[in-house]
Amino acid sequence: MDLVQYINPFIVFRQFIRHPIESFLSDQYTGYKRKTNEGITSIKELLYRVGVITVFLSAILWISIFMYIIFYYTYMPNVTHTRPVHLQFKSCDQDMGICSYPSAHVQLTRRSSMLMPSQPYRIRLALEMPESPVNKDLGMFMICAEMRASGGALVRSSCRSAMLKHRSLLHYVMRTLVYAPLLVTGFNEEKQNLIVELFTDFEDDENQPVTDAYVELQSRFAQVHSCELQIQAHFTGLRYIMYYWPKTSAVVGISSNLFFVSLIFILSWYHLQDGFPDFLKEKLGISIKKEEEEGKFTGKIKLEREDSFPFIEEEALMEEFDKLEKEKKKATSKE
């Protein structure tokens, strides 16, 4: 019967060809499936970790940018404040013209303060004056300004001289001929923009912040189209760098914030990672400490140390030694 089985070609094909091929293919499929599952699991863990790291890096970056923006708008004041100046005067009753110095009250702010304390400012008065014969013959005249706090308290005052730029007759004729089309159409006017710097380094007092300005032209013959008060911040030191090199300052400031925020995050991570849940530790790859086993082991050691007394061991040894001595004596007495 065994011989018939070995001679039968179907049995030989099934045992020596089909079964080995099926087992080989099954082993290959099982190994490939196991490796694929392990690869999928490792890819999932890798994507999870990459996602967590991306979220943390994005949060750190945006926090650094937000901190720099807050610091910039807190530390840097407004560069320029411009207020219109409406000159007022007293008209003469009998003669033409004005019978008082043109003056104006300029309200800088309705709040308690407008200027940043300990920051130097340049205060200028911009005048738009026509090139009329009166202004040409006017010569020099004085412009005075007073900076006052709320309640009318005088903080600082200043007076500066001013005059129109001199232009010779030849220069005036040539300029008129060149700009004649613009002058006729109204695109240009015969006027001069006169800028007078009243305060070079004006610093506001924190106890008495400036809220009002009083301007006076000490000439009854000055003719003015319009007038405005310009307050411009004069930066030095770090403010100068942040204003004139904003991109470089932003890169340096954000990089510094990024370093310190990253350092704080890393220290906080190592300090708080023991308090994370077990499933989160497994996802993040943090080694989980077996606190229960360590607690039992240390508990046993403590109990053994508490229950073991050295003088009990010594008494047992003395009893054993006495027994051996008695047995020796009995043996010698029998002999």
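Me: What ground rules apply to the numbers and the side chains?

Reply: Residues are numbered from 1 along each chain as its sequence is written, and side-chain values use heavy atoms, with hydrogens and water left out. As the model is predicted, local features need pLDDT of at least 70 and side-chain atom pairs count only at pLDDT 80 or more, while totals for chains, interfaces and linings use all residues.

Me: What is the mean pLDDT of the protein?

Reply: pLDDT is the predictor's confidence in each residue, from 0 to 100. Here the mean is 79, and 75% of residues reach 70 or more.

Me: Is the pairing in the four-strand sheet parallel or antiparallel?

Reply: Strands of a sheet pair through backbone hydrogen bonds, either parallel or antiparallel. Two strands pair if DSSP finds at least two bridges between them. This open sheet runs β1-β8-β3-β6, with antiparallel pairing. Its edge strands are β1 (80–84) and β6 (191–202), each pairing on one side only.

Me: How many bridges join β3 and β8?

Reply: Eight bridges join β3 (residues 121–130) to β8 (residues 226–233), in the antiparallel sense. Find leucine 127: its bridge partner in β8 is cysteine 227.

Me: Which elements give two or more residues to the lining of the largest pocket?

Reply: On a 1 Å grid over the protein atoms alone, a pocket is an open set of points where a 1.4 Å probe fits, with protein on both sides within 12 Å along at least five of seven lines; lining residues have an atom within 4 Å of a point. The largest pocket holds about 320 Å³, a volume being the space filled by probe spheres set on the points, joined across faces, edges and corners. Of its 12 lining residues, Val52, Ile53, Phe56, Ile266 and Trp269 are closest to the centre. The elements are α2 (9–75) and α7 (246–272). α2 gives the most, with six residues.

Me: What lies nearest the centre of the second largest pocket?

Reply: Ile98, Arg220, Ala222, Gln223 and Val224 do, out of 15 lining residues. The space there is about 220 Å³.
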